[in-house]
Amino acid sequence: MPEKTTAIETPAAAPAAERALRRGRPGYDQRGILEVAVAAFNEHGYDATSIGMLADRLGLSKSAIYHHVSSKDELLELAVDEALDGLEGVLREPGATTGRAADRLAYVLRGAVDVLTAKVPYVTLLLRVRGNTEVERAALARRRAFDRAVSALVVEARDEGSLRADIDPGIVSRLLFGMINSIVEWYRPDGPESPADLADDILALALDGLRTPR
């Protein structure tokens, strides 16, 4: 009789449930860690959130987190960059650089709404930055530069006769983005209004006003 052989079970041949058990807790890449960190920063505040707290939330060791990022500051930097890169990217798009100033302003406002609705947790964190660390101060500097670019568009639109001239452009910019930034406090992606509809409403309110045409 031929000799009976016994197959040696390798990890690849083991049942999926058993392999998952041996792997232990699910792993996280840098993106997954960042998403959990942003949620914790928004919930507890950046200063009150520790790497230990994040490790508990993730079910990982601190050293596992440090395998992906060097510090809590790096997590904050990655998070605010996510929001700022989106906003700054809008300013570089053709719709923001060519055409009438009023049209470019409308394009930037619509683009800002798109960024905010797509990246609510990241923009929420950006808006709570107060300049207590080098990372926060750099983020604030970029925010101010973005605001100045929008103010410049308001000035151009006023000078071409598209906007009323009796309100200071700096105040106009602050009011516009006060309205847009408030989105992060109440907007829900699963709500009845799409980001495009929301942008239409904001542009109508900001540029056309609430009064009905006479």
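Colleague: Does leucine 175 count as buried or exposed?

Modeller: Relative accessible area decides (buried is under 20%, exposed over 50%, partly exposed in between, with a 1.4 Å probe and protein chains only). Leucine 175 counts as exposed because its relative accessibility is 58%. This is a predicted model, where local features need pLDDT of at least 70 and side-chain atom pairs count only at pLDDT 80 or more, while totals for chains, interfaces and linings use all residues. Residues are numbered from 1 along each chain as its sequence is written, and side-chain values use heavy atoms, leaving out hydrogens and water.

Colleague: In which helix is leucine 175 placed, and how many helices and strands are there in the chain?

Modeller: Helices (H or I, at least four residues) and strands (E, at least two) are DSSP runs, numbered from the N terminus. Leucine 175 belongs to helix α10. The chain has 12 helices and zero strands. Of its 214 residues, 38% count as buried.

Colleague: What is the volume of the largest pocket?

Modeller: A pocket is an open set of points on a 1 Å grid over the protein atoms alone, where a 1.4 Å probe fits, with protein on both sides within 12 Å along at least five of seven lines; lining residues have an atom within 4 Å of a point. Points are joined across faces, edges and corners, and a volume is the space filled by probe spheres set on them. Here the largest pocket has about 520 Å³. Its lining holds 18 residues, with Arg164, Ile167, Val172, Ala206 and Leu207 nearest the centre.

Colleague: Which elements supply the lining of the largest pocket, and how does it divide by class?

Modeller: At least two residues each come from α9 (134–159), α10 (169–181) and α12 (195–208). Helix α10 gives the largest share, five residues. For class, Ala, Val, Leu, Ile, Met, Phe, Trp, Tyr, Cys and Pro are nonpolar, Asp, Glu, Lys and Arg charged, and the others, Gly among them, polar. The lining of the largest pocket has 13 nonpolar, two polar and three charged residues.

Colleague: How much space lies in the second largest pocket?

Modeller: The second largest pocket holds about 230 Å³. It is lined by 15 residues, and Arg143, Phe146, Asp147, Phe177 and Asn181 are the closest to its centre. Two or more lining residues come from each of α5 (72–92), α8 (120–127), α9 and α10. By class, seven are nonpolar, four polar and four charged.

Colleague: Where is aspartate 147 placed?

Modeller: Aspartate 147 lies in helix α9. At 32% relative accessibility, aspartate 147 counts as partly exposed.
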